Amino acid sequence: MDVNARWEAILKRDASADGRFVYAVRSTGIYCRPSCASRKPRKNNVLIFEFPEMAEARGFRPCLRCAPQDSGYDPRLEKVRKAVRHIEEHADENPTLAELGRCVGVSPHHLQRSFKAALGVSPRQYLESLKAQNYKDLLKNGRDLAGAGYEAGYGSSRGVYEGASRYMGMTPAAYKKGGEGVSIRYGITACRLGRLLVATTDKGVCRVSIGERVGELVSDLKSEYYLANLIRSDNELKKYLNVIARLAEGEPVSESLPLDVRASAFQCRVWERLKAISPGNTMTYKDIAEDLGLPKGARAVGRACAENPVALLVPCHRVVRGDGALAGYRWGVERKRKLLDMEKKRK
């Protein structure tokens, strides 16, 4: 199920989706199965996890009403789920692929293949992202840099900067301070898709968001770097706003804007492939995965699209499902349809 299909399942309380994923709500600290009868959450307050263990590793508690930890899962995924549990419980010990294979009773090669098919990443990649998230959580909770690095499973300060830094938009020291001392300028303009927010550091564009309400766009920008020096600078960012607003109207542009985004190697590969899709054209998640040499990596491609922080500059709206349906766009399917229609008219 892609991101949009999962959200629809949550809205409809679709019991057929139970056992395929769980969702967690940031404001309550609780995770549920899709069919849970609890109050429907706001979309930007929801996190999706493949297995209950993943939600619990992030500190979420199971809902007492729907008992999501007991939801039946495909038995073919049980070994993958067991490997996830082992990684979650022993992340600070850096378990190897061979160790995981012995733990679940399959060869390392078989586990690598089945794990990647189920989650879109390898056990090593999942471990590294988990350690980085644990490290970020420890910093937010007041741990010092060295102590957080040791507790998260990094053996040295070099390991922290080479590992965790790839998953942050700034250095660990700056992140610990909630972005304190980092200046982020942002501008807002109207476009045919609604309101457009463009944020930049001194290195380049770090975020492009689309929405209806200015307050929500600014709130989302503040949520990650709550102590950063946010400065509204519409005039200074006029060039950037104009270029991206033209993209929002389906107009091809020749200007190349600098970016300041942190990403994994795989995300970079996906995003570069997206930028090669010409305006008005589309590719499927599967096509992109095959182009990258990962014929079973469609889900991982979908996740990389969902995590794109610079809408329009990295055109994830040009990716569609295998049946051609427009699904999985963070800023809404109707915006995706409108954007593609405008691009096709300008071809």
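Predicted model: local features only at pLDDT ≥ 70, side-chain atom pairs only at ≥ 80, totals over all residues.

Student: What stands opposite Y23 in β2?

Tutor: That's C32.

Student: And what's the strand order of the sheet they sit in?

Tutor: The order is β3-β1-β2-β4, an open sheet of four strands with mixed pairing. Its edge strands are β3 (46-49) and β4 (61-62), each pairing on one side only.

Student: Remind me, what are the two ways strands can pair?

Tutor: Parallel or antiparallel, in both cases through backbone hydrogen bonds.

Student: OK, zooming out. How many helices and strands does the chain have?

Tutor: 15 helices and ten strands. There are 347 residues, and 48% of them count as buried.

Student: What about the accessible surface, and how much of it belongs to carbon and sulfur?

Tutor: The chain's accessible surface is about 17,000 Å², with 48% belonging to carbon and sulfur atoms.

Student: And contact range? Of the contacts between residues at least 6 apart, what share joins residues at least 24 apart?

Tutor: 61% of them.

Student: Switching to rings. How many aromatic pairs are there?

Tutor: Two aromatic pairs. One of them is F49 with F60, tilted, with 6.1 Å between centres and 55° between the planes. That pair links distant parts of the chain: F49 is in strand β3, while F60 is in the loop between α2 (52-57) and β4, eleven residues apart.

Student: Is F49 buried or exposed?

Tutor: F49 counts as buried, because its relative accessibility is 9%. F60 counts as buried too, at 10% relative accessibility.

Student: Which residues make the other pair?

Tutor: F115 and Y126, a tilted pair at 6.1 Å centre to centre, with 55° between the planes. Here the link runs between helices: F115 is in α5 (residues 108-119) and Y126 is in α6 (residues 123-140), eleven residues apart. F115 has a relative accessible area of 0%, so it is buried. Y126 comes in at 10% relative accessibility and counts as buried.

Student: Let's look at helix α1. Which of its residues are buried?

Tutor: In α1, residues 3-12, the buried ones are N4, R6, W7, A9 and I10.

Student: What covers them?

Tutor: The cover includes β1, β3, α14 (298-306) and α15 (333-345). So strands β1 and β3 of that sheet are part of the cover, because both belong to the order β3-β1-β2-β4.

Student: How many bridges join β5 to β6?

Tutor: Seven, between β5 (residues 183-191) and β6 (residues 194-200), which run antiparallel. As one case, I188 has L197 as its bridge partner in β6.

Student: How far is a polar atom of its side chain from the backbone nitrogen of I188?

Tutor: 3.2 Å for D234.

Student: And D260, where's its place?

Tutor: In the loop between α11 (238-247) and α12 (265-275). D260 is at 17% relative accessibility, so it counts as buried.

Student: What does the D260 side chain have a polar contact with?

Tutor: The side chain of T201, at 2.6 Å. Neighbours within four places aside, D260 is in contact with T201, K203, G204, V205 and C206.

How values were computed:
Residues numbered from 1 in each chain as written. Heavy atoms only, no water. Pairing = 2+ DSSP bridges. Helix = DSSP H or I, 4+ residues; strand = E, 2+ residues; numbered from the N terminus. Buried < 20%, exposed > 50% of the residue type's maximum accessible area, 1.4 Å probe, protein only. Contact = heavy atoms within 4.5 Å. Areas by Shrake-Rupley, 256 points an atom, 1.4 Å probe, with all protein chains shown as cover. Phe/Tyr/Trp six-rings, centres within 6.5 Å; stacked < 30°, edge-to-face > 60°. Polar contact = N/O pair within 3.5 Å; in protein donor to acceptor, adjacent residues only side chain to side chain.
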